[in-house]
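Subject: The structure we talked about

Hi there,

Here is the structure I promised to send over. Please open it alongside this note, and follow the residues as you read.

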Amino acid sequence: MPHGATPSAPSTPAPRSPPVRHLTPAPFLDMPFYAATSLTLAGVEACVDFLEATAPRLREFWLPLPQELCQGKPVDLGPLERYLEPLLALYYEVKTRWRCHETAESLKRREAAAVRLAALVVKARVYGKIDLAEWDGVFQTAKQETPAPALVFGAPRRDAVLCGTYPPNPLEVAADRWSSLPSELKLELARWIVTYIANIVDSVNLDEAYFKTVKAGWGSAYRLFLTLFNTS
């Protein structure tokens, strides 16, 4: 496959999977755990349903919201606000000990990385070139360990309760595992990121882009990555 080419879809497209909901209190509540979803509005809303039923039973629960918000300070959430609104409503309306594990600075860094990544995606689409050295620079920041119990976007290394959309999107996989991948898998993941970003540009929201990417074969590709992760 040439550099920058869009991965070919399988002969039978992967079906669109609805968000997974876990609304019944379970034994995992007695130990630290992660609830996970890909960043889509459908996924966040499903996880809010889960947390409404479970979080009040816990001593505390960490949300992917800026710490400044937990401190009562105003925070500009930028383009993510639409997708975090259900979590904001949960934070203000459901009485329990909510904690925040993001920061306003981390959101700014994410936006800056998105700008750099957009330039690399344009280069890949227009010139058919993926320079892994440049891509390494985008994903060089080590992912911080998130305290538990917590809601996280993407796929944490430990077992998680899947409360929303699954699998994680290509960007979330890269943020979590890029540095541990060999070059050939980095190249394959980069191609999927190009596909996902192209779908974002051509879609009305992240949900539509996510499901287009899954339908194009990302679910099958992620299962291959997951097999490698479990044996590493």
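Below is what I found in it, starting with the overall layout and ending with single residues.

First, some housekeeping. This is a predicted model, so to speak of local features I needed pLDDT of at least 70, and side-chain atom pairs count only at pLDDT 80 or more, while totals for chains, interfaces and linings use all residues. Residues are numbered from 1 along each chain as its sequence is written, and side-chain values use heavy atoms, with hydrogens and water left out.

**Overall layout**

The protein chain has eight helices and five strands. Helices here are DSSP runs of H or I with at least four residues, strands are runs of E with at least two, and both are numbered from the N terminus. Along the sequence the order is β-α-β-α-α-β-α-α-β-β-α-α-α. Of the 232 residues, 48% count as buried (buried means under 20% relative accessible area, exposed over 50%, and partly exposed in between, with a 1.4 Å probe and protein chains only). Among contacts between residues at least 6 apart in sequence, 77% join residues at least 24 apart; contact means heavy atoms within 4.5 Å.

**The strands**

Strand 2 (residues 61–66) has six of its six residues buried, so it is largely enclosed by the rest of the structure. Strand 2 runs parallel to strand 3 (residues 98–102), and four bridges join them. Strands are taken to pair if DSSP finds at least two bridges between them. You can trace this pairing from F61, which stands opposite W98, to P66, whose bridge partner is E102. Strand 3 is mostly covered too, with four of its five residues buried.

Strand 1 (residues 34–37) pairs with strand 4 in the parallel sense, over four bridges.

**Two helix contacts**

How do helix 1 and helix 3 cross? The axes of helix 1 (residues 41–54) and helix 3 (residues 81–93) come within 8 Å and cross at roughly 10 degrees. That makes helix 1 roughly parallel to helix 3. The axes are lines fitted to C-alpha atoms, for helices over the stretch in contact, and angles run from 0 to 180 degrees between N-to-C directions. Angles under 35 degrees count as roughly parallel, over 145 as roughly antiparallel, 65 to 115 as roughly perpendicular, and the rest as oblique. Helix 1 contributes L41, V44, E45, V48, L51 and E52 to the contact, and helix 3 contributes R82, Y83, P86, L87 and L90. By class, that contact has eight nonpolar, no polar and three charged residues. (Ala, Val, Leu, Ile, Met, Phe, Trp, Tyr, Cys and Pro count as nonpolar, Asp, Glu, Lys and Arg as charged, and the others, Gly among them, as polar.)

Helix 6 (residues 170–177) and helix 7 (residues 183–201) also have axes that come within 8 Å, crossing at roughly 140 degrees. That makes helix 6 oblique to helix 7. P170, L171, V173 and A174 of helix 6 meet L189, W192, I193, Y196 and I197 of helix 7. This contact has nine nonpolar, no polar and no charged residues.

**A closer look at helix 7**

- Y196 lies in helix 7 and is buried, with a relative accessible area of 3%. Y196 is in contact with N169, P170, L171, L206, A209, Y210 and T213. Y196 and A209 are 13 residues apart in sequence and 6.6 Å apart in space, C-alpha to C-alpha.
- N199 is also found in helix 7 and counts as buried at 14% relative accessibility. N199 touches A209, K212 and T213.
- K186 lies in helix 7 and is buried, with a relative accessible area of 12%. K186 is in contact with L132, D136, W178 and L181.

Conventions
Lists of a residue's contacts leave out its neighbours within four places in sequence.
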